[in-house]
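Please look through the following model with its sequence at hand.

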Amino acid sequence: MQAETQSIVVVSKDPAVSALVASVAQFSPGTGVRNCDAALSEINGTALQLAETNDLIIFRAEGEAARDAAAVREILRHTGGAARILALADAAMPFAELRQLTDAGVHEVLPDTVSADELSAAIRTCLKGQEPQQALSGARGGREGMVIAVSQSCGGAGATTLAVNLADCLTRRRGLRRKEAEFKVALVDFDLQFGTIGNFLDLPANRCLYELASEGFVPDQVFAEQSLTETAPGLWVLASPAEIAPLHALKPEQVEALIAHLRLQYDFVVIGLPRALAEWLTPVLEASERLLMVTGSSVPAVCQARRLLDFYAENSMRLQADIVISRERKPLLAASHHKEAAKLLQKPFKYWLPDDPSAAAAAADQGVPLSAAAGRSALAKAVRRLSKDLIETRNARAAAAQPQHGKAV
Ligand SMILES: Nc1ncnc2c1ncn2[C@@H]1O[C@H](COP(=O)(O)OP(=O)(O)OP(=O)(O)O)[C@@H](O)[C@H]1O
Ligand SMILES: [Mg+2]
C-alpha cells in the first residue's frame with residue numbers, strides 16, 4: 001500500500017463535498033483525506049489542531065462569511081501563515097463575502113459546482129505553494145545535481161547507448177562487487193514516443209511520463225521520488241511509456257518542476273532527448289549544464305547536428321554543448337573532412353566513441369550496461385573517460401561552491 005505523504009482535511013457538513021475531494025485525491029498517490037463533519041467557524045480549537053496536522057484544509061463556506069473569515073485568520077495566525085486553505089462556496093455567494101474570505105487568507109474560493117478537474121488543479125496549486133520553501137531548503141542542505149542532456153543528430157547515432165552507459169559510469173561504483181555507488185544518478189528518457197532506455201536495461205515501460213502528459217499536473221517531489229526505479233546501485237531510471245503520448249502534450253512547467261525535484265535528489269541527472277523539437281525542451285536546456293551531441297562525422301549528420309545546436313543555443317544562451325563522434329576512433333591526425341565538419345559546427349570534436357559492435361550488441365542482448373557485459377571493451381573505456389571528465393567538472397563546481405555555503409548562513 002502507498003505510504004501517505006500529504007493529507008487533506010475536509011471541514012463540511014455536506015458529505016458530497018468530502019466525497020468529491022476524496023474522488024479527486026485518489027488520483028494523487030500518497031494523498032490521504034480526512035473528514036470533519038462541522039462548519040469551520042464552529043470548531044475553533046479543533047480547527048487549529050487540524051491545521052497543524054494536515055497539509056491542506058478544504059472547508060464549505062456556510063453562508064457566514066465573517067465568521068469563516070475570522071476562523072481562517074485565527075488558523076493562519078496560529079500556524080504562522082503556513083496553513084493552506086481552500087473554500088467551496090455557493091456559486092451565488094456575493095462578491096463582498098467572497099472578498100472577506102480571500103482577504104482573510106483563503107488561497108482560493110471555488111463554487112460548489114466545481115468540476116473534479118478544476119478542484120484537482122486548485123488542490124495541486126495550493127499544495128505546490130508549499131514547495132518552493134521545501135525545494136529551497138533542500139537545495140541549500142542537499143544535492144544540486146548536474147544535469148546532462150544527450151541528443152543525437154540522426155537516428156541510430158548511438159545517443160541512447162551513450163546516455164545509458166554514461167549514467168551507469170557516473171555512479172562510480174566501488175567495493176568488492178561494485179555495490180557501493182559514490183554518486184546517485186537519475187537517467188530519464190524524455191524520448192517520450194520512441195525511447196529505448198528501458199529496453200537497453202531490460203526494464204518495463206513506465207507510465208509516469210504518459211500520466212504527466214495526459215493529465216497535465218505539475219509533478220511534486222513525491223512524484224519525482226516514486227517515478228524512478230533503481231536498476232543497479234546508484235542508477236535510477238525513468239523509462240519512457242508504452243503508450244504513445246503526443247510530444248507536445250508535456251508542458252514546459254511540468255518538465256521544469258520534474259528536473260528541479262530530481263536535481264535535489266540526485267548528483268547527476270542524465271536526460272535522453274527526442275530528436276523532434278518541442279516547447280518543453282527549453283526548460284531541459286536551461287537546466288542542463290552540458291549537452292552532448294552524438295553524431296557521425298558524415299556531411300548530412302554534421303549538418304543536422306548544426307541545425308539542432310543552433311536551435312538549442314536560441315533556447316538557452318548558457319548551454320555548453322560538446323560534440324561526441326560516435327562509431328569512430330579518434331584519429332592520430334584529424335582527416336580533412338573532420339576539420340571541415342568541426343569548422344561547420346564551430347566546435348572541436350571533443351569526444352570519440354569507437355565502433356565496437358560486439359560490445360554494443362553484448363550489452364543490448366543482455367539488457368545490461370557495458371560495465372556488466374563488456375567492461376574492458378574499447379567502447380566501455382571511452383564512455384568511462386567521458387564520465388571522468390564530467391565528474392571532475394561537477395567536483396570542481398562543488399568545491400568552488402563550498403566557501404560560499406559557509407558564508408551564506
Ligand atoms: N559505438 C558503437 N559501436 C557499435 N554499435 C553501436 C555503437 N553505439 C551504438 N551502437 C548500436 O547502434 C544501435 C543504435 O544505437 P542507439 O539506440 O544508442 O542510437 P540512438 O541514437 O539512440 O538511436 P535512435 O534513433 O533509435 O534513438 C544499437 O543497436 C546500438 O547497440
Ligand atoms: Mg535513442
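Which residues point one way from β9, and which the other way? Before the answer, some conventions: this is a predicted model, in which local features need pLDDT of at least 70 and side-chain atom pairs count only at pLDDT 80 or more, while totals for chains, interfaces and linings use all residues. Residues are numbered from 1 along each chain as its sequence is written, chains are lettered from A and ligands numbered from 1 in the order in which they are written, and side-chain values use heavy atoms, with hydrogens and water left out.

Val 185, Leu 187 and Asp 189 point one way from β9, whereas Ala 186 and Val 188 point the other way. In a regular strand the side chains alternate between the two faces of the sheet. All five residues of β9 are buried, where buried means under 20% relative accessible area, exposed over 50%, and partly exposed in between, with a 1.4 Å probe and protein chains only. Strands here are DSSP runs of E with at least two residues, and helices are runs of H or I with at least four, both numbered from the N terminus.

On one side, β9 (residues 185–189) runs parallel to β11 (residues 235–238), to which four bridges join it; two strands count as paired if DSSP finds at least two bridges between them. Within this pairing, Val 185 has Leu 235 as its bridge partner, and Val 188 has Leu 238. Strand β9 is also joined to β12 by five bridges, again in a parallel arrangement, with Ala 186 standing opposite Val 269.

These strands belong to an open sheet of eight with mixed pairing, in the order β10-β11-β9-β12-β6-β13-β14-β15. Its edges are β10 (229–232) and β15 (349–353), each of which pairs on one side only, and the twist from one strand to the next averages 25 degrees. Helix α11 (residues 252–265) packs on the sheet, touching β6 (146–152), β9, β11 and β12 (268–272), and its direction makes about 145 degrees with that of β12; contact means heavy atoms within 4.5 Å, and the angles, which run from 0 to 180 degrees, lie between N-to-C directions of lines fitted to C-alpha atoms, for helices over the stretch in contact.

Although β15 is an edge strand, four of its five residues are buried, so β15 is largely enclosed by the rest of the structure. Its pairing with β14 is parallel and spans four bridges, and Ser 326 stands opposite Leu 353.

The largest nonpolar core has 48 residues, and Phe 190, Leu 258 and Trp 280 are among those with the most contacts inside it; such a core is a set of buried Ala, Val, Leu, Ile, Met, Phe, Trp, Tyr and Cys residues joined through side-chain atoms within 4.5 Å. Helix α13 (residues 299–315) gives the most to this core, with five residues. Apart from this core lies another, of 38 residues, among them Val 185, Ala 232, Leu 235 and Leu 353.

An oxygen atom of ligand 1 is 2.9 Å from a polar backbone atom of Gly 156, while a nitrogen atom of ligand 1 lies 2.9 Å from a polar backbone atom of Pro 354.

Definitions and conventions: Polar contact = N/O pair within 3.5 Å; in protein donor to acceptor, adjacent residues only side chain to side chain.
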